[in-house]
Amino acid sequence: MSRPRAPYVIDAVDTDAVWMRRALMLAERAMVEDDEIPVGALVVSPQGEVLGEGWNRNIAEHDPSAHAEIVAMRHAGRALGNHRLVGCTLVVTLEPCAMCAMAMVHARVGRVVFAAFDPKTGAAGSVFDVLGDPRHNHRVAVTAGVLAEVAGPMLTNYFRRKRGLPPR
């Protein structure tokens with residue numbers, strides 16, 4: 001049985017912003033509930049269903065791999081009963097690191113949408129281009145900068161608070 005369609009079509013940019021707002025809410029949970037770096041992520045199926053959500057949990061879980069993207073992909077894999085997330089879109093508030101980017105390649109994620117660039121460890125074009133490297137047998141399409149004007153200050157102010165500095 002198919003799901004009823006909305007009476008209107010939202011273009012990809014609007015859809016990306018809608019999903020990014022949800023990822024930003026998850027990032028806020030990381031910061032407020034767990035005092036983790038505010039990064040949130042979700043995996044959306046090709047049909048537009050959220051399959052998995054996550055936020056940074058590496059400090060709380062004592063797990064260096066518990067980045068928001070990994071947590072969301074683990075949930076999505078369980079929801080699908082498959083380690084492959086073919087055709088799915090991963091939406092995340094910060095440019096993925098090399099670990100998360102390679103996990104996306106291995107999972108065959110179709111596309112990643114991220115907000116803020118990470119000029120120190122970004123692996124979706126800033127420092128490395130893991131997702132588009134032609135040596136891999138799968139490449140992930142990238143859409144960058146969606147709501148970066150919200151995600152960037154959230155991250156900056158989190159670290160400023162940690163250092164005892166006023167927010168910008």
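## A predicted chain of helices and strands

Just after helix α3, R108 takes a positive phi of about 65°. Helices (H or I, at least four residues) and strands (E, at least two) are DSSP runs, numbered from the N terminus. The model is predicted: local features need pLDDT of at least 70, side-chain atom pairs count only at pLDDT 80 or more, and totals for chains, interfaces and linings use all residues. Residues are numbered from 1 along each chain as its sequence is written, and side-chain values use heavy atoms, with hydrogens and water left out.

**The whole chain**

Four helices and five strands make up the elements of the chain. From the N terminus on, their order is α-β-β-α-β-α-β-β-α. The C-alpha atoms fill a box of roughly 55 × 40 × 30 Å, taken along the principal axes.

How does the radius of gyration agree with that of a compact globule? With 168 residues, a compact globule would have a radius near 15 Å; the chain has 16 Å, which agrees. The radius is taken over C-alpha atoms, and the globule rule is 2.2 Å times the number of residues to the power 0.38.

Of the 168 residues, 45% count as buried. Buried means under 20% relative accessible area, exposed over 50%, and partly exposed in between (1.4 Å probe, protein chains only). The accessible surface of the chain comes to about 9,200 Å². Carbon and sulfur atoms hold 57% of that surface. Accessible areas come from the Shrake-Rupley method with a 1.4 Å probe; for residues, only the protein chains shown count as cover.

Contact means heavy atoms within 4.5 Å. Among contacts between residues at least 6 apart in sequence, 56% join residues at least 24 apart.

**Helix α3 and its neighbours**

Helix α3 covers residues 98–107. Its buried residues are C100, A101, M104, V105 and A107. They pack against α2 (68–80), β3 (89–94) and β4 (111–116).

T93 sits in strand β3. It is buried, at 1% relative accessibility. Leaving aside neighbours within four places in sequence, T93 is in contact with M20, A23, L24, A27, P38, V39, G40, A115, A116 and A151.

V140 lies in the loop between β4 and β5 (141–144). V140 is also buried, at 5% relative accessibility. With neighbours within four places left aside, its contacts are M104, V105, V109, G110, R111, V112 and L131. Two of these, M104 and V105, are buried residues of α3. V140 and E49 are 91 residues apart along the chain, and their C-alpha atoms are separated by 19 Å.

**Charges and salt bridges**

The chain has 19 positive and 18 negative charges, and their mean positions are 2 Å apart. Lys and Arg count as positive and Asp and Glu as negative; His and the chain ends are not counted. The place of a charge is NZ of Lys, CZ of Arg, CG of Asp or CD of Glu.

A search of the whole structure finds eight salt bridges. A salt bridge is a side-chain nitrogen of Lys or Arg within 4 Å of a carboxyl oxygen of Asp or Glu. The table gives some of them.

| Salt bridge | N to O distance |
|---|---|
| D34 and R57 | 2.7 Å |
| D35 and K162 | 2.5 Å |
| R57 and E61 | 3.2 Å |

D34 forms a salt bridge with R57. D34 lies in helix α1 (residues 12–34) and R57 in the loop between β2 (50–55) and α2, so the pair ties together parts that are 23 residues apart in sequence. D34 is partly exposed, at 25%, while R57 is buried, at 19%.

D35 meets K162 in a salt bridge. This pair links distant parts of the chain: D35 is in the loop between α1 and β1 (40–44), K162 in helix α4 (residues 148–162), 127 residues apart. D35 is partly exposed, at 39%. K162 is partly exposed, at 45%.

R57 also meets E61. E61 is partly exposed, at 41%. Salt bridges that share partners join D34, R57 and E61 into one network.

**Positive phi in two loops**

H62 has a positive phi of about 55° although it is not a glycine. It is found in the loop between β2 and α2. Is H62 buried or exposed? H62 is exposed, with a relative accessible area of 73%.

L147 has a positive phi of about 60°, and it is not a glycine either. L147 is in the loop between β5 and α4. L147 counts as buried, at 14% relative accessibility.
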